[in-house]
Amino acid sequence: MNETRRRPNARGQGELLREEIVTAAVRMLDELADDEALSLRAVARAVSIAATSVYLHFPDRDALVLAAMQRCHEDLVGTGDAAAAAAPDPGAALRARILAQATWAQEHSGLYKVLHESKVHRRHGMPFKEVMVARTTEAVRACMAAGLAPADDAATVAIDLRTAVNGMLAQRINEPDLPWPPAVEQLDRFLVKLVGLRR
């Protein structure tokens with residue numbers, strides 16, 4: 001059996017191969033929506049390398065899944081940052097951030113599921129997700145400082161909001177056939193009821 005193997009990377013380009021491995025894992029995890037279904041051999045085939053080459057960069061599947069999820073989380077945070085930066089005031093920025101993140105989750109439902117429900121998450125945790133918590137807390141605090149939301153403990157309000165949004169998105173992903181209301185309407189209700197924004 002003849003397998004097509006890629007040429008080795010030039011000296012000092014090992015990081016490029018690592019990025020290709022992570023990219024392949026991200027693509028496969030989005031399709032699989034299950035970290036346990038990811039095979040390092042399958043990832044190696046997708047990148048046209050020997051399975052042993054994957055182990056040079058990742059000691060096991062969990063390490064690769066965590067690297068893939070960190071990249072996804074950075075993309076998710078960046079999507080929210082870009083949407084918020086274009087908004088005219090803190091309330092609109094918080095809303096834009098939440099809507100952008102919800103859209104990302106709907107477009108990458110498999111990745112979102114792994115990001116929040118994977119066995120890797122339960123075994124190791126994903127400390128990089130603290131960045132999203134901090135961004136949401138800062139956005140809620142800015143709304144309060146601008147008088148667009150009642151004064152309260154911003155961290156607590158942000159956790160309540162994230163819990164509601166993450167739960168809503170997870171249910172839509174896991175139970176897509178239920179008669180869901182439009183996502184934007186549900187998210188706006190969360191912003192009104194949990195943050196105190198007025199629309």
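## Thr137 and its surroundings

Thr137 touches Ala154, Ala155 and Ala158, leaving aside residues up to four places away in sequence; a contact here means heavy atoms within 4.5 Å. Thr137 belongs to helix H8, which covers residues 130–145. Helices (H or I, at least four residues) and strands (E, at least two) are DSSP runs, numbered from the N terminus. Thr137 counts as buried because its relative accessibility is 11%. Buried means under 20% relative accessible area, exposed over 50%, and partly exposed in between (1.4 Å probe, protein chains only).

## Basis of the model

This is a predicted model, in which local features need pLDDT of at least 70 and side-chain atom pairs count only at pLDDT 80 or more, while totals for chains, interfaces and linings use all residues. Residues are numbered from 1 along each chain as its sequence is written, and side-chain values use heavy atoms, with hydrogens and water left out.

## Overall make-up

The protein has ten helices and zero strands. Its C-alpha trace spans about 65 × 40 × 30 Å along the principal axes. Of the 199 residues, 41% are buried. Among contacts with a separation of 6 or more, 65% join residues 24 or more positions apart.

## Helix H9 and its cover

Helix H9 runs over residues 154–174. Its 21 residues reach 30 Å from the first C-alpha to the last, close to the 30 Å expected at 1.5 Å a residue; the expected span is 1.5 Å times one less than the number of residues. Buried residues of H9 include Ala154, Ala158, Leu161, Val165 and Arg172. An α-helix has 3.6 residues a turn, so residues three or four places apart point the same way.

The cover over the buried residues of H9 includes helix H5 (90–107), helix H6 (109–117), H8 and H10. Helix H10, residues 183–195, holds Asp188. Asp188 counts as buried because its relative accessibility is 15%. The side chain of Asp188 makes a polar contact with the side chain of Arg95 at 2.6 Å. A polar contact is a pair of N or O atoms within 3.5 Å; within protein, one must be able to donate a hydrogen and the other to accept it, and residues adjacent in sequence count only if both atoms are side-chain atoms.

## The nonpolar core

The largest nonpolar core has 58 residues, of which Leu64, Met69 and Leu94 touch the most other members. Such a core is a set of buried Ala, Val, Leu, Ile, Met, Phe, Trp, Tyr and Cys residues joined through side-chain atoms within 4.5 Å. Leaving aside residues up to four places away in sequence, Leu64 touches Ile21, Val22, Ala25, Leu38, Leu40, Val43 and Phe58.
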